[in-house]
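Here is a short tour of a protein model, written for someone who likes to know the cut-offs behind each term. Have a look at the structure first, and then read on.

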Amino acid sequence: MTETETHVRIASLMELSGVKFGTSGARGLAADMTDRVCYAYTAAFLQYLETPGKPRKETEVGIAGDYRSSSGRIMEACARAVKDLGYRPVNCGRVATPSLAYFGLQRGIPTLMVTGSHIPDDRNGIKFYTAQGEILKQDEQGIRAQDVVLDPDIFSAAGELIGADRALPPEDRSAYDA
């Protein structure tokens, strides 16, 4: 995979990056979860949701994270993909996974939880939730089959987001309060 490549199949990205599906989403070494990889996974998840009967454009997408050192960066990469695909990111801050899941169910929106849960700190993950709850194995297959288009001008050669355009808005305490 080269940085000039703009079309990426998630199944191929899994093999090349080492970031693969684990419990409810993508998991891997934090160093392998570059902004580009996290952006691509988020874009694939949202594209998958746009199939008939799924959420439509202009909906909110809740994003939260744990306290791992890599979580803030990953949340930002996910928020950028959410925004670029025409959704509105809602920054739910650093909350427990069940709080974010409940928030999404209450609002009827998809959510992304950046967490490594029980794995060592040098690893992390992105858990995906539809408006109806945690993704299932058939959802993973649908996400895995997605081809996403990545703008090479927004990533450095190392896969980091370029520019100061922050996509993650100020924290909304609704998930925490719920």
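A residue counts as buried under 20% relative accessible area, as exposed over 50%, and as partly exposed in between (1.4 Å probe, protein chains only). This is a predicted model, in which local features need pLDDT of at least 70 and side-chain atom pairs count only at pLDDT 80 or more, while totals for chains, interfaces and linings use all residues. Residues are numbered from 1 along each chain as its sequence is written, and side-chain values use heavy atoms, with hydrogens and water left out.

Let us begin with the cysteines. A disulfide here is a pair of cysteine sulfur atoms within 2.5 Å, and by that rule the model has zero disulfides. The table shows two cysteines whose closest cysteine sulfur is in C78.

| Cysteine | Relative accessible area | Distance to the sulfur of C78 |
|---|---|---|
| C38 | 0%, buried | 5.5 Å |
| C92 | 1%, buried | 13 Å |

Both distances are too far for a bond.

Next come the strands and helices. Helices (H or I, at least four residues) and strands (E, at least two) are DSSP runs, numbered from the N terminus. Strand β5 covers residues 88-94, and five of its seven residues are buried, so the rest of the structure largely encloses this strand. Two strands pair if DSSP finds at least two bridges between them; β4 (residues 60-65) and β5 run parallel and are joined by six. Within this pairing, V61 stands opposite P89 of β5. Together with helix α3 (residues 71-84), β4 and β5 make a right-handed β-α-β unit: with the strands pointing away from the viewer, the path from the first strand over the helix to the second runs clockwise.

The loop between β4 and α3 holds S70, which is buried with a relative accessible area of 8%. Leaving aside neighbours within four places in sequence, S70 is in contact (heavy atoms within 4.5 Å) with A30 and N124.

What about the interior? A nonpolar core is a set of buried Ala, Val, Leu, Ile, Met, Phe, Trp, Tyr and Cys residues joined through side-chain atoms within 4.5 Å. The largest one has 42 residues, of which Y41, L112 and F128 touch the most other members. Its largest share, 11 residues, comes from α2. Apart from this core lies another, of 11 residues, with V90, C92, F103 and A175 among them.

Helix α2 (residues 35-49) is mostly covered, with 14 of its 15 residues buried.

Key: The expected span of a helix is 1.5 Å times one less than its number of residues.
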